Amino acid sequence: MIRQAATVGREGTPAVRAYAPVLLAVALVALLPLRYGDSRSMMGVVIGGVLFACYTIGFNVIFGSTGQLFLCTGALAGLGGYASAILSERHGLPMVLAMLLASLVAAAAGGLLSWIAVSRSLGVIFTGIVTLTFALAFQNLLLGQRDLTGGETGLVVDAGSETLLGEEVAPFYVFVALLAAYLALFRALQRSHFGWAFRALRDDEIAAELAGVDVKRYRVFAGTLGSGMIGLAGALYAHSEGFISPSTFSFGEVDVLVIVMLAFGGIGSLLGPVVGAAAFTVLEEWMDSFNEYRLIIYGSVILVLFLALPRGVVPTVQRLVGRLRRRRARGRRPAPAAQPPVDTLAPR
Amino acid sequence: MRAVVFDGVVLGLQFGLLGVGLTLVYGLAGVLNLAQGQLAVLGAIVAALRIDAGTAVIPAVLAGVAVAGTVGLVLDLTLMRPVYRRRGEDRVLLGLLLMLGVAFIIDGVLVWRYPIEALTLRIGGDPVDILGVRMRTGSLLASAIALGVGAVLVLFLRYATTGKAVRSVIQDEEGAQLCGVSPATVRAFVFALSGALAALVAVTRSMTSPVTVNAGIDFTILALIVAVVGGLGSVSGAFLAGILLGIVNTVSAHYIGTYVTTIILLGAAAVTIVLRPSGLLGAGRE
Amino acid sequence: MAMLEVAELSAGYLGEDVVHDVSFAVAEGEAVAVIGSNGAGKTTVFRAVCGLQRPSRGSVRLDGRPITRRRAHDIARRGLAYVPAERHLFPDMTVAENLDLGAFPRRPGPERRALVLGLFPRLAERHRQRAGTLSGGEQQMLAVGRALMSEPRLLLLDEPTTGLAPTVAAAAYAALTALREQGLTIVVAEQQVPLAFGFADRGYVLESGRIQLDGRVAELEDNPDVQRAYLGVA
């Protein structure tokens, strides 16, 4: 039964149609500098939006695909950012190498957390608490180890300032490239046996195990991959921004936004992170003048979102479009012909 | 060293009381009240405002506790309804996220309206000598209150009919229903109680150091750590964990440093989850 | 007017009905057996009647008053006590505490306690023992005893003899007979049909979620299908 359900739809679609949304989204995003290219501050905001879209896709791989509530997105990004900064600043590693290594560090951390959660069969709450303690501990580590991390005052990241990351508009395109890669990766995952396994284990874990899905392996894989993605994005940001501090990667700055963005866009959907990141980047900008109400607005958004739109924007829109299409098709077709006789001996 | 440990016990008793509310609500409803800290601060700020307005200390404190309890009750009767309609992990996740939203809203409102407000209760009197350690009257009173309220709570849960009804819902909800216990009523009662307890802890904390408007998240994290280490759903576990962690807190802060202390406390929670998820005395609701 | 009237009850899980159009009635003072194999739907019917589950269709009346969508604790306070197959005891509370909670919100009077402990002397011996440490038979006794503490007028039991040694099962039914003589109306769902037939006046046969047969126990015992399916007669 599970096999049947999974092969219908995704794997059957030709590659061009499957990746079209990716290309479309990337194309739209790539056009943004036309509007905002001359304002350095606005480009900063736009880059921030793309960055968060990348974070959210990584979180989507971990939480949206395999249901692991990782409350440490910021810490994983921070691991990537600080590792890359330290490796390139202190140890003189070339920037790209530092970023890749930093991404591996984040992937390892995430994989370890996943492995712990999986081998101890931790449910949602305990996974959340363990990852949250990791996030808070990491934050304290950053603040406490002043010699290594610069503590509260942060770290200046020079490596990369001579490359195109140091320019005004060019970093944006690097981030867009990353976004495109992440979206393509997510889509590829969905169409592969990974995606099939993810859907199966989200639907019914026990049934998936019985069908031969090694739930543990897939969870750890998702945790590792998603964390690596988040870490790489964090590292890229460190080099393009040129300065990082503990507050850049704190729970309040990153995790809250990522969770809300994904929930708004649609947990588990391909474009959900992009839609969510776009919506909340706009909201953040608009709220700049209402700084005192920021927390109140976010809290209210969370409440309304999870009470009214539990699936998120993208899946809801998909369902509405599907319904409209079916209604139109029904209107065109004449009354249905008599059904062929059902084979009553066939199993249900 | 003895002074540090005594300070730890004082702190720990209050930690325990803070964790009890969280652990009870989780044991009963499967909901992790991430707004616990904000309810505590809400109560403290209400008390501070009443004191500023000229009310005597005790009525002001009672008002704060009452407001926090009432908000807890309202939250249960309104927001928690859709949460209770779900089961298992679905309920846990939704409850967690909704309470997070509530935490933001309360925090946001308090920081916006009363950004500089803080509760400080100065308890007069000379320091008292306990077993060779000079203890401030504020610490002693805070401990006495925490101990007293804690004892009443434990006795209530053990021996009072309503208290046993509360425990019955934690141990077997369907069984409780078959006995005529209404889980919804019990949950509402406990939610209100946990809000009131949280506010009470904020009040006792203010006897030794000011409780500011942004203390909410620290309180929540503390409550979470204590509840997890003690065992989610276990009241005595929360108290035991509270005292142990309180001592760890003061000893570590005294001899090592504040950042490491926080990591140690967080680590205790993580280690508990990984090695012994039911906690010190857990009823094993997981 | 029957004490319990179930009319066209349909109920199930996750949107799919497991029992369909079940109707039966129990008069005051009767002892009724509901028999059927594993998965026939007996537990679902009971859960829907006592409020632990919402039926998708149909109605339930207690003393003529509808209780169809009422909550389980509400129904329990109206004199309908249910002893589920899983017992649902409070494992960390003592036998005494479990029993006392059965009478919630009232505190049970000494005569009631004496009556229940008289029926199950073993419980009196283990008064202060934690329910989680009792043996299977003792837990079953405790479950029944707890249900009796609220002085119910109607007692529903779901497979009370599962996992009990034959002597213990016989003793359980002896206790039920004694209760019956004191005026308690009892409905019992059973897989161990001979025991149930030895105890009840009337019976219903539930299979595949529907009532297939009903009648006085003597008639059912003579029915060749019943004999073949449940009484081990070739």
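**Close-up views of a predicted model**

**View 1. Where chain A meets chain B.** In this predicted model, 29 residues of chain A are in contact with 34 residues of chain B. Two helices of chain A, H7 (124–144) and H15 (294–308), each supply at least two residues of the side that touches chain B. Helix H7(A) gives the most to this side, with 13 residues. By residue class, the side of chain A that touches chain B divides into 19 nonpolar, seven polar and three charged residues.

**View 2. Where chain C meets chain B.** Let us move on to another pair of chains. Here 20 residues of chain C are in contact with 16 residues of chain B. Look for helix H2 (72–76) and helix H3 (95–102) of chain C: these are the elements that give two or more residues to the side of chain C that touches chain B. That side is made up of 11 nonpolar, four polar and five charged residues.

**View 3. The open sheet of chain C.** Six strands of chain C form an open sheet with mixed pairing, and you can follow them in the order S6-S7-S8-S3-S9-S10. At the edges are strand S6 (80–83) and strand S10 (210–216) of chain C, each of which pairs on one side only. From one strand to the next, the twist averages 15 degrees.

**View 4. A helix packed on the sheet.** Helix H1 (residues 42–50) of chain C packs on the sheet, where it touches S3, S6, strand S7 (154–158), S8 and strand S9 (202–207) of chain C. The direction of H1 makes about 150 degrees with that of S7(C).

**View 5. Two parallel strands, S3 and S8.** Within the sheet of chain C, strand S3 (residues 31–35) and strand S8 (residues 185–190) run parallel and are joined by five bridges. For one pair to pick out, take Val34(C), whose bridge partner in S8(C) is Ala189(C).

View 6. Beyond its neighbours within four places in sequence, Leu206(C) is in contact with Val34(C), Gly36(C), Ala40(C), Gly41(C), Lys42(C) and Ile211(C). Val34(C) is also the residue with Ala189(C) as its bridge partner in S8(C). As one more landmark, Glu16(C) is 190 residues from Leu206(C) in sequence and 18 Å away in space, C-alpha to C-alpha.

Methods
Residues are numbered from 1 along each chain as its sequence is written. Chains are lettered from A and ligands numbered from 1 in the order in which they are written. This is a predicted model: local features need pLDDT of at least 70, side-chain atom pairs count only at pLDDT 80 or more; totals for chains, interfaces and linings use all residues. Two strands pair if DSSP finds at least two bridges between them. Helices (H or I, at least four residues) and strands (E, at least two) are DSSP runs, numbered from the N terminus. Axes are lines fitted to C-alpha atoms, for helices over the stretch in contact, and angles run from 0 to 180 degrees between N-to-C directions. Two residues are in contact if their C-beta atoms, placed from the backbone, lie within 7 Å. Ala, Val, Leu, Ile, Met, Phe, Trp, Tyr, Cys and Pro count as nonpolar, Asp, Glu, Lys and Arg as charged, and the others, Gly among them, as polar.
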